[in-house]
Amino acid sequence: LILEKEGKVGVFSTVNYNWQLAPKYDHIIYNSQIGLYQAEREGKTGFVHPYGSETIPVEFDYVRAHSSFIILKKDGKMGLFNLQGAPLFPVEYDTLSIALWSQNPGQVPLVRTLKNGVFKLRYANGISIPIDENTQDLESIGASHIAVQRSPKGVRPVVFKAGRLVALHPQWVDSVVAVSHASLIYRKGKHYGFYRLNKDALNAKAELLPARFDTIIYNFRNN
């Protein structure tokens, strides 16, 4: 039970009739997705284990929990911790967000960071995505293992497998029109082209139809 005592709230156990979490917080709410209590105290927030320890110290300006990770912000800087409170990305980035979630629960996602004006896409284990220096973003376009890298040059498809980069499209195009788990249609200028993903890679041999067609009518049901 979440109870209040002398203006502070805590968690009281009805099994042993004792405080499970001491009443020292201004607000508490249980997050069933990660099995922790989000607590607030004097304008700061964090996550507390049901048996008292502060997994994420109640000293942050902002916290947001996902299924396996927590994004934090303190003094204008952001970071990413796991559910045990260990930093995967230290709290030192100007911005931090999840670019692509892994297909496997608990696996490190691809993270988009900005620090001192430098934009990066990388995993917590240090693996980086080799991106053009002007890349602005990376976003999912529906298929579970295909994303789009976006920059002032245009866009180009990126292929992932099990949360890891497999291949980059060899050229920048204007847009990706349609995509399935094994094929994609793109537009460059006024014309359209077609790629079939060969062994989860984009390469010259996979381009079945170069960008020289005015119209492509597609049906991906049998891919």
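View 1. Glu 42 counts as exposed because its relative accessibility is 70%; exposed means over 50% relative accessible area, buried under 20%, and partly exposed in between, computed with a 1.4 Å probe on protein chains only. Glu 42 is found in the loop between strand 5 and strand 6. Strands are DSSP runs of E with at least two residues, helices are runs of H or I with at least four, and both are numbered from the N terminus. The phi angle of Glu 42 is near 50°, a positive value in a residue other than glycine. Most residues other than glycine have a negative phi. The model is predicted: local features need pLDDT of at least 70, side-chain atom pairs count only at pLDDT 80 or more, and totals for chains, interfaces and linings use all residues. Residues are numbered from 1 along each chain as its sequence is written, and side-chain values use heavy atoms, with hydrogens and water left out.

**View 2. Tyr 17, in the loop between strand 2 and strand 3.** Strand 2 covers residues 8-13 and strand 3 covers 18-25, with Tyr 17 in the loop between them. Phi of Tyr 17 is near 50°, which is positive in a residue other than glycine. Tyr 17 counts as exposed, at 63% relative accessibility.

**View 3. The aromatic pair of Phe 60 and Phe 81.** The structure holds 4 aromatic pairs. Rings of Phe, Tyr and Trp (its six-membered ring) pair if their centres lie within 6.5 Å; planes under 30 degrees apart count as stacked, over 60 as edge-to-face and the rest as tilted. Phe 60 and Phe 81 form an edge-to-face pair, with 6.3 Å from centre to centre and 80° between the planes. Phe 60 lies in strand 7 (residues 56-60) and Phe 81 in strand 10 (residues 77-82), so the pair ties together parts that are 21 residues apart in sequence. Phe 60 counts as buried at 4% relative accessibility, and Phe 81 counts as buried at 10%.

**View 4. Lysines over aromatic rings: Lys 74 with Phe 60 and Lys 115 with Tyr 93.** A charge sits over a ring if NZ of Lys or CZ of Arg is within 6 Å of the ring centre and within 35 degrees of the ring normal. The charged end of Lys 74 sits over the ring of Phe 60, at 5.9 Å from the ring centre. Lys 115 lies over the face of Tyr 93, 5.8 Å from the centre of the ring.

**View 5. The open sheet of strands 8-9-10-11.** This sheet has 4 strands, in the order 8-9-10-11, and the pairing is antiparallel. Two strands pair if DSSP finds at least two bridges between them. Strand 8 (62-65) and strand 11 are the edge strands, each pairing on one side only. Strand 10 and strand 11 are joined in the antiparallel sense over 3 bridges. The bridge partner of Phe 81 in strand 11 is Pro 87.

**View 6. Salt bridges, including Arg 41 with Glu 54.** The count comes to 7 salt bridges, each a side-chain nitrogen of Lys or Arg within 4 Å of a carboxyl oxygen of Asp or Glu. In the salt bridge of Arg 41 with Glu 54, the closest N and O atoms are 3.5 Å apart. Arg 41 is in strand 5 (residues 36-41) and Glu 54 in the loop between strand 6 (44-48) and strand 7; the pair links distant parts of the chain, 13 residues apart. Arg 41 counts as partly exposed at 23% relative accessibility, and Glu 54 counts as partly exposed at 28%.

Lys 77 and Asp 94 form another salt bridge, at 2.4 Å from N to O. Lys 77 belongs to strand 10, and Asp 94 to the loop between strand 11 (87-93) and strand 12 (95-100), 17 residues apart. Lys 77 is partly exposed, with a relative accessible area of 30%, and Asp 94 counts as partly exposed at 29%.

**View 7. Thr 113, a buried residue in strand 13.** Thr 113 lies in strand 13, which spans residues 110-115. At 2% relative accessibility, Thr 113 counts as buried. Leaving aside neighbours within four places in sequence, Thr 113 is in contact (heavy atoms within 4.5 Å) with Phe 89, Tyr 93, Thr 95, Leu 96, Val 118, Phe 119 and Lys 120.
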